[in-house]
Amino acid sequence: MKWLLAELYLSKAQSAFKFYKMIQTDIAIIGAGPCGLFTVFEAGLLKLRCHLIDSLGQAGGQLTEIYPKKPIYDIPGFPSILAGDLVDNLMEQIKPFNPGFTLGERAEKVEKIGEKMYRITTSGGTQVEAPVICIAGGLGCFEPRKPPIPNLENYEANGGIAYVIRDPEVYRDKRVVLAGGGDSALDWTIFSADIAKEVSLVHRRTSFRGALDSVEKVHELAAANKVRLITDAQVVGLAGSTDGLEEVVIKHKTEGEYKLATDHFIPLFGLSPKLGPIADWGLTINKSAIEVDTRDYSTGVPGIYAIGDINTYPGKLKLILCGFHEGTIAVQSAFQYIYPDKKLSFKYTTVNGVEGLPAAEPSTATI
Ligand SMILES: Cc1cc2nc3c(=O)[nH]c(=O)nc-3n(C[C@H](O)[C@H](O)[C@H](O)COP(=O)(O)OP(=O)(O)OC[C@H]3O[C@@H](n4cnc5c(N)ncnc54)[C@H](O)[C@@H]3O)c2cc1C
C-alpha cells in the first residue's frame, strides 16, 4: 500500500503516535475501543497497516470512558485487570505496528471512491482512505446528556457551557458552576477549587453517587468556603450575551429561583451512546447493531466488517473477548479481500515473533 501523508500533527496525549489530516491506510478502524485496538495487532501480524478514528479524545472506548477503575475478571490470562490497565496494555501491544490515530473526531461519511477503495470523512474534516473498513463502534458515539435548558446552544460555541472538561486551564481564575452528582462532577469540583476564582456545585439531591472519599472532600471544601455546595437544586436557565455566559438561574426545592453570576456552566450528567452516522451507511441494522456473517464478520458490503459490541448475529455476546476473536477473524478475511492472489499462511506468534519486539528465548526442557 502507498501512503499519502499530507499533514502531520502530534497530540500531547498520544504523542507516541502520528496523526494525519489525509491518510491512506490498509484498514480504517472506526472506534478505538478494546476491539478496535486489538484488531490493529492482528492486522499488524499480517503486515496490514491500520488507522483508528474515535469521536472520544482518548483510546479505550467504554473502558476508558465509563469504568477505567473497575476490575475485569474475564479477560483470558488475567485473573483480574483494571479496565484502564487493559487499555494501556493494548496500546503497548500495538505499538510495534505504529497505528495512526484520529481522536476527538466522529466518522461521519463513508463513500466508495474506487473499485476497492473507501473514503471516510470525519467531523473534523480528516479523510481516511482504505480498501477495508472495520467498524468497531461499540454502542456508538458517546454524546453528553444535556440538561433541559432552552438556550444552551447560545453558549456552546463561546465556551459559556461545556459538557466535558478538555482543558482545565480555561477555568483558571474564572467563576465556574458545575452540576451533577457522580464522580465526574465531584472530581472536577475538587480540581477546580484549586484553579478557579469561584466554584459552585449544584446537585438536585442531597446525596451523591460518586466515590465516598470524593464526596467527603467536596464537603470539606464547602466547609472551608472553597466550594459553594448547592443541593436540592437545579440550574434551570442561563443568561448572558454573545460574548459569553453571565449568570445561571438556580431553582431550589424550598428557596425558589435565584440567579448566580458565573463565567462558565459545566453540567456533568454523563455520556450516552448513540449509533449516530453509522446508521446511514447502507448497512443492515438490527436493533441498533450491524448484522454480520459470522464466517468473517463481514457486513454484506464488500470490504466493510463490523466487530465488537456494534455487531449482531445469533448468539452474540457483548464481551471484550468475543470482540477480540471477531477482529482476529475479520482481518484474515480482509487480507484475502485486499490481496486475492496472495496466499495467506497462518503462523503462530511463538514461531514468527512480532516485528519490533525481541523474540523470546526458546524454553529448554529440563529432564
Ligand atoms: C460498566 C461496564 C462493565 C463492563 N464489564 C465487562 C466485563 O467485565 N467483561 C467484558 O468482557 N465486558 C464488559 N463490559 C462490556 C465491554 O466494555 C464492551 O464489550 C467493550 O467495551 C466493547 O468494545 P468495543 O471496542 O466493541 O466498543 P467500545 O468500547 O464501545 O468502543 C467503541 C468506540 O467507538 C467510538 N465510535 C462509535 N461510533 C463512532 C463514529 N461514528 N466515529 C468515531 N468513533 C466512533 C466510540 O466513541 C467508542 O470509543 C462492560 C461494560 C460496561 C459499561
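How far does a polar side-chain atom of Y67 lie from an oxygen atom of the ligand, and what is that distance in Å? In this predicted model, the distance is 2.5 Å. A backbone N or O atom of A107 lies 2.8 Å from a nitrogen atom of the ligand. For S55, a backbone N or O atom is 3.1 Å from a ligand nitrogen atom. On its own, the ligand has 990 Å² of accessible area, and the protein covers 87% of this.

The shell around the ligand draws on several elements. Those giving two or more residues are α1 (34-45), β5 (50-54), α2 (62-65) and β13 (141-144). There are 31 residues around the ligand. Y67 and A107 are among those that come nearest, together with D54, Q62 and D309. Sorted by class, the shell has 16 nonpolar residues, nine polar residues and six charged residues.

Elsewhere in the description stands a sheet. Three strands form this open sheet, in the order β17-β18-β19. Their pairing is antiparallel. The edges are taken by β17 (233-241) and β19 (256-261). Each edge strand has a single partner strand, so one side of each is left without a neighbour in the sheet. From one strand to the next, the twist averages 25°.

The pairing of β18 with β19 can be followed in detail. Strand β18 covers residues 244-252. Six bridges join β18 to β19 in the antiparallel sense.

Key. Residues are numbered from 1 along each chain as its sequence is written. This is a predicted model: local features need pLDDT of at least 70, side-chain atom pairs count only at pLDDT 80 or more; totals for chains, interfaces and linings use all residues. Side-chain values use heavy atoms; hydrogens and water are left out. A residue is near a molecule or strand if one of its heavy atoms lies within 4 Å of it. A polar contact is a pair of N or O atoms within 3.5 Å; within protein, one must be able to donate a hydrogen and the other to accept it, and residues adjacent in sequence count only if both atoms are side-chain atoms. Accessible areas come from the Shrake-Rupley method with a 1.4 Å probe; for residues, only the protein chains shown count as cover. Helices (H or I, at least four residues) and strands (E, at least two) are DSSP runs, numbered from the N terminus. Ala, Val, Leu, Ile, Met, Phe, Trp, Tyr, Cys and Pro count as nonpolar, Asp, Glu, Lys and Arg as charged, and the others, Gly among them, as polar. Two strands pair if DSSP finds at least two bridges between them. Axes are lines fitted to C-alpha atoms, for helices over the stretch in contact, and angles run from 0 to 180 degrees between N-to-C directions.
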